[in-house]
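Hello,

Here is the structure I promised to hand over. My notes on what turned up follow below it.

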Amino acid sequence: METPTPVREASGREPVSSEAGTSDADRKMKIVKYVFLFVMPFLMVTMMYATYMGTMHSPKTRDMPVAVVGSGAVAQSVVDELESAEDGAADPRLVADRSEALDLLKDRDVAGVLLIPADGSTEATLYTAQAAGASQAGTVKQLLAPVAAGHDWTTKNQDIAPLPAGDSSGIGMLFAAIGMMMVGYAPLSGMIAAVPHLLAVRRFLPVLAGWAVATSSLIWLILGPIVGAVDGHYPAFVGVALLATGAVALSQLLFVKLMGGLAVLPGMLLWMVFGVPASNLAMPIHSMPGFFGFLHNVLPLPAAGEALRSIVYFNGRGVGTHLLTLAVWLVAALALNLLVERRKGLTIPNTEAADDPHFPRPAMAGGPVRSKRLRYFAVAAFPLTILTVVVGLMGAALHQPQVRDMPVVVVGASQDQATQAARGLQDGLGDLLSLTTSTSLDAATDQIREGETVGVYVLPTSRGGEATLYTSSAAGASQHSALQSMFQQISASQKTQLELTDVQPLNDSDSGGSNSMYAAMSWIMAGFLVMAVLRGGAPEIKRLRQLLPMLAGYAVGMAVWLWFLFDVLIGAINGHGWAMIGFGALTIFSISMFTGVFTRTLGIAGIIPVLVIALMAGIPASGGSISLYMVPEFFRDLNGILPLPAAVDIVRATVYFDGNGIAGHLGTIATWGIVSLLIHIGIDWAIARRDRNRGTDGSDGADRSDGADGGPGIRPNGRQADEPVPVGSSGPAPEAAPGAIALSSRRRIRRRRS
């Protein structure tokens, strides 16, 4: 750390030098503060990815409720067969009447219905509801179709609640609910620093009501008219949002009143980390550990998502229970907030003058003092921008996955045979596939391992012979399934046999194919969050020589911990320890450097472009959650540029493909880090030049930093900006603008108080 330059106080008194006036206790407090600032991103990353990796790396269906419609010995035998299955995947019930069973399905009391044949028929009917969960409907088919086949019945599939064309993936309600959670808890952290006077219940309630209406209108506008995932139901969105956003915001307000800036940790844990896997919106709740089944009936995010699902897809059936859950949260949180205010007043831990709207404060943590109007704007604009990015970008990218130009190699005994077959397939499939030809099976399958193609279709060697499709689930589970389904239909239409070969299958500990995605995202988040926390909590750290050793040590430590968490504790990624630690450290360090470019120049607001570039745009561009050939073409162009796709491919290549093709992806990550490092050197040069100019133009030696680079200044309470603050605060007390402004602000406050 640099020794701070002595600053002349606004009163004109000469201060005691920093070196002489800094006690051992102050130094220890500063060390504790810095340690805590690194602990915060550690805890946030750990909470999120321990939960997501732990619940989704190898989901197993347990006790999924299904109905069997029929009577007599045959119907009972089907129920007994499902009950006695060793995996315990199904929880069957025998229902005598078809209409009763379908009512259960519409009420989501069962996930599927099997109508067994009657009157000598051999056709069973399998009823599902895609709108109750596309993944759940697929799981039900996997459970019940084999049972029907075992009785020599053919199966007719019928969907009683299909998803709309604009939301074929069924994620519209998930992003709507996530948006409502975000706008409920995210603004509170900014309000602590900028406008804590609004955290009094009497002021907070009317602001919250208007905020809920405005943000729910924005969510509906994005997912409805813009993206096309929702058709109508605007009043319902506003009604659910008033309860959902209100419940979360008032609960988060309670945490703030009790914990101050630390409230972000329980808020993040309850509303997002636990809420997403418990929601039943992305994956069936019956595929999650039992604890999340309990949380599904308790937490606001599942309640909001299920309420919207009931209204939009099921004519309001079953909505009352979910609205009641939200109402209980809202009323209980409001009552507890009033009780806390009655006993403790309006004070917020580690926040000065919480009830004074004119007290000089920053618009964002760690920044310079701003006007009240600008603070109001920043507190609203920051979460609104993040909401627009998350819901808009993710909704537009993932709401309607469609296969386009998926690369497949057609292998024939001769080039003429392969070319002729490829032309026929292309004429029939249009732009679904991008076909090339080869006569070498080994060369073609090597392209799968290197990520250059998705599948290899080997033509029959004789008329009426068997064709073979080679794919790799490890290279992408969604594209693997889509390609197999497509060629099975082609073989059925051509009346040929098709053998399916997985050249590199997923591990048992990665049955969903999500491990590479979550490991890579944890690296990106670790690098992103540490710079965001440092900018808000320690803006006095403004030089590259201060940041480099801190970030290098943090990157290595986090990489070791994340490998230990994912491998040893969770068992999701087996082995490859040194590679995962090394590649993880490089990625974390590079992303922290990249984030620092923005936070050192734009302050906390700089995390928004970083969030877009490093994370949000990278998810659809990575092929991690959904195939690159099933998202808009714009994201394919970003695949070779952005850091998250490179990190995903690094993990895949390490775990599954013996490092094939890894050099290029490492080069992408390293390039982001090196270019960012060079920009940091330029920022340091600009800061040094500014300081030299100020030293030669008659300045008194005080750093009149505007806060963009986090330089030391004078706080409204008279402390220097690099003095330690109590651990657990939302950040250091705000820096003042030039001393005259701070002095004028204090005089106005004293006049009002007198």
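**What was found**

Of the 754 residues in the protein chain, 54% are buried. Buried means under 20% relative accessible area, exposed means over 50%, and partly exposed lies in between (1.4 Å probe, protein chains only). Please note that this is a predicted model: local features need pLDDT of at least 70, side-chain atom pairs count only at pLDDT 80 or more, and totals for chains, interfaces and linings use all residues. Residues are numbered from 1 along each chain as its sequence is written, and side-chain values use heavy atoms, with hydrogens and water left out.

**Overall**

The protein chain has 25 helices and 12 strands. These are DSSP runs, numbered from the N terminus: helices are H or I with at least four residues, strands are E with at least two. The accessible surface of the chain is about 30700 Å². Carbon and sulfur atoms hold 59% of that surface. Areas come from the Shrake-Rupley method with a 1.4 Å probe; for residues, only the protein chains shown count as cover. Take the contacts with a separation of 6 or more: 75% of them are between residues 24 or more positions apart. Contact here means heavy atoms within 4.5 Å.

**Cores**

The largest nonpolar core has 201 residues. Such a core is a set of buried Ala, Val, Leu, Ile, Met, Phe, Trp, Tyr and Cys residues joined through side-chain atoms within 4.5 Å. F237 and F487 have the most contacts inside it. Helix α17 (residues 515–537) gives this core its largest share, 16 residues. A second, separate core has 20 residues, including M64, V79, L82 and V147. Back to F487: leaving aside neighbours within four places in sequence, F487 touches V408, L425, L433, Y457, L469 and L498.

**Salt bridges**

The whole structure holds 14 salt bridges. Each is a side-chain nitrogen of Lys or Arg within 4 Å of a carboxyl oxygen of Asp or Glu.

- E540 pairs with K33, with the closest N and O atoms 2.8 Å apart. E540 sits in the loop between α17 and α18 (544–569) and K33 in helix α2, so the pair ties together parts 507 residues apart in sequence. E540 is buried at 5% relative accessibility, and K33 is buried at 4%.
- K257 pairs with E341, the closest N and O atoms being 2.9 Å apart. K257 is in helix α8 (residues 234–259) and E341 in helix α12, 84 residues apart. Helix α12 covers residues 319–344. Both K257 and E341 are buried, E341 at 15% relative accessibility. Leaving aside neighbours within four places in sequence, E341 is in contact with L199, A200, V201, K257 and L346.
- R636 pairs with D405, and their closest N and O atoms are 3.8 Å apart. R636 is in helix α22 (residues 633–638), D405 in the loop between α13 (372–398) and β8 (406–411), 231 residues apart. R636 counts as buried because its relative accessibility is 15%. D405 is partly exposed at 33%.

**A surface patch**

I31, V35, V39 and L43 form a nonpolar surface patch with about 310 Å² of accessible area together. Patches are made of residues with over 30% relative accessible area and no salt bridge; like charges are joined within 9 Å, nonpolar side chains (Val, Leu, Ile, Met, Phe, Trp, Tyr) within 5 Å. I31 lies in helix α2 (residues 24–56). I31 is exposed because its relative accessibility is 54%.

Best wishes
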